[in-house]
Amino acid sequence: MYESPKLYNETGFKKEEDAKQFIASLQGKKAKITELKKSKQKENAPLLFNLAEIQNQCTKRFKIKPDQTLEIIQNLYEKKLVTYPRTDARVLSTAVAKEISKNLNGITRGYKDEEVQGYIKKMIDEKYPTNLTKTKYVNDSKITDHYAIIPTGQGYENFNSLPDLHKQVYKVITTRFLAIFYPPAEFNKIQVTVEIEEEKTKEIFNASGKVCVNQGYLEVLKPQTKSTTSEKTVENSDTNSEKSNDLEILKTLKKGQELETQNFELKEAETSPPSRYNSGNIILAMENAGKLIEEEELREQIKGAGIGTAATRGEIIKKLERIKYMEINSKTQIITPTLKGETIYDIVYGSMPDMLNPKLTASWEKGLDMVAKKEIKPDEFMGKLEKYIHSKFDKLVVKY
């Protein structure tokens, strides 16, 4: 059935009748395991927070706006509890990494949080290494002015007077920091390919299972661990215990083994549009605007800069809301364009569509970089910029 016109995509039929006919054709047929892969997978803790990442995290957890997050972290910084907040870097410098034991010792002595102290105790008891210099969390080349946001291990004389939300944000930063000292999370993964023979064709089904066998850093960050079993790559949504049971079943299978098909089920579903941005993940979209650009050179040029800077992205969102180009739901932080915003967009799209394309920002960034590297003269760059602007306005005059 692969690439059949009856399929909407590889996971579903367009018509229920075709799906039922397909199931009927498979009933009672023998299935054979043609491929079986077992592997172990390790996953390291994520990089440290930059401002965009912590703003996104706080929007998800606490339903607050990016500018509120910045205000909170700025307050923590002024009280000497965390490092400088307005940063795009998610790594540490070599110099800071060499002194990182001071941060850890300060947290151990001063941060009176039972859960965090439990994580530190385990680090000590298990003798987890604290030398970061040769890890992915240290990279001088990825730091411009400031390194990632981490707890300083100082300022605890000010901690008790903080509002509860400020304390919670501090804990989020601290646990992300401690996670990088923990070992990787380990998973067992199994992939199975099954063929069911029909009269003239073979139908191929895929199943996979993944289960966490060693939490590692996940013990600190506590995300919902994923363990899935799928057929035709459709995700199973059973409970964790049932998923683990499915994985145990998969473990007993062998390549070349014949299986008897017992049951097929129909599942009705609808396609849905992409989720709307909220005030947190739109900050990430602004930071990584280069992903929208196809040309590799331009994409690399804008990488790490995107739209705005660590210091201004939250303010851009705040201004767009203030001038009523968009609305932000106070409970969900979901962003919706206003009629005024959509109208402005339509006008710009109809007159100067280039202004809505990140390629334009990328090309200007490239020109500025070439000026900084003395590959071109400033006058040459400004001449090209002025020529571009004049050409656009000349077209507008003719058009309107």
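This is a predicted model: local features need pLDDT of at least 70, side-chain atom pairs count only at pLDDT 80 or more; totals for chains, interfaces and linings use all residues.
Colleague: Why is Trp364 called partly exposed?

Modeller: Its relative accessible area is 31%, and buried means under 20%, exposed over 50%, and partly exposed in between (1.4 Å probe, protein chains only); Trp364 therefore counts as partly exposed.

Colleague: Which residues form a nonpolar patch with Trp364, and what makes it a patch?

Modeller: Tyr345, Tyr349, Met355 and Leu356 form it together with Trp364, with about 510 Å² of accessible area between them, an area that comes from the Shrake-Rupley method with a 1.4 Å probe and, for residues, only the protein chains shown as cover. Patch members have over 30% relative accessible area and no salt bridge, and nonpolar side chains (Val, Leu, Ile, Met, Phe, Trp, Tyr) are joined within 5 Å, like charges within 9 Å; at 31%, Trp364 passes that area cut-off.

Colleague: How do you know that Lys171 and Glu115 form a salt bridge?

Modeller: Their closest N and O atoms are 2.6 Å apart, and a salt bridge requires a side-chain nitrogen of Lys or Arg within 4 Å of a carboxyl oxygen of Asp or Glu, so the pair qualifies. The bridge links distant parts of the chain, with Lys171 in helix α7 (residues 164-179) and Glu115 in helix α6 (residues 114-125), 56 residues apart.

Colleague: What makes Glu219 and Lys122 a salt bridge, and which parts of the chain do they link?

Modeller: Their N to O distance is 2.7 Å, and since that value lies within the cut-off, the pair counts as a salt bridge. Glu219 lies in helix α8 (residues 218-221) and Lys122 in helix α6, 97 residues apart. Salt bridges that share partners also join Asp113, Glu115 and Lys171 into one network.

Colleague: Why does Lys37 count as partly exposed, and which residue is its salt-bridge partner?

Modeller: Lys37 has 46% relative accessibility, a value that falls in the in-between range, so it counts as partly exposed. Its partner is Glu35, the closest N and O atoms being 3.5 Å apart, and Glu35 is partly exposed as well, at 36%. The structure holds 13 salt bridges.

Colleague: What makes a nonpolar core, and how many residues has the largest one?

Modeller: A core is a set of buried Ala, Val, Leu, Ile, Met, Phe, Trp, Tyr and Cys residues joined through side-chain atoms within 4.5 Å. The largest has 52 residues, and those with the most contacts inside it are Ile54, Leu92, Phe177 and Leu178. Among the elements that each supply at least two residues are α2 (51-62), β4 (185-197) and α8, while α7 gives the most, with 7 residues.

Colleague: Which residues is Leu178 in contact with?

Modeller: Leaving aside neighbours within four places in sequence, Leu178 is in contact (heavy atoms within 4.5 Å) with Leu104, Val116, Tyr119, Ile120, Met123 and Val220.

Definitions and conventions:
Residues are numbered from 1 along each chain as its sequence is written. Side-chain values use heavy atoms; hydrogens and water are left out. Helices (H or I, at least four residues) and strands (E, at least two) are DSSP runs, numbered from the N terminus.
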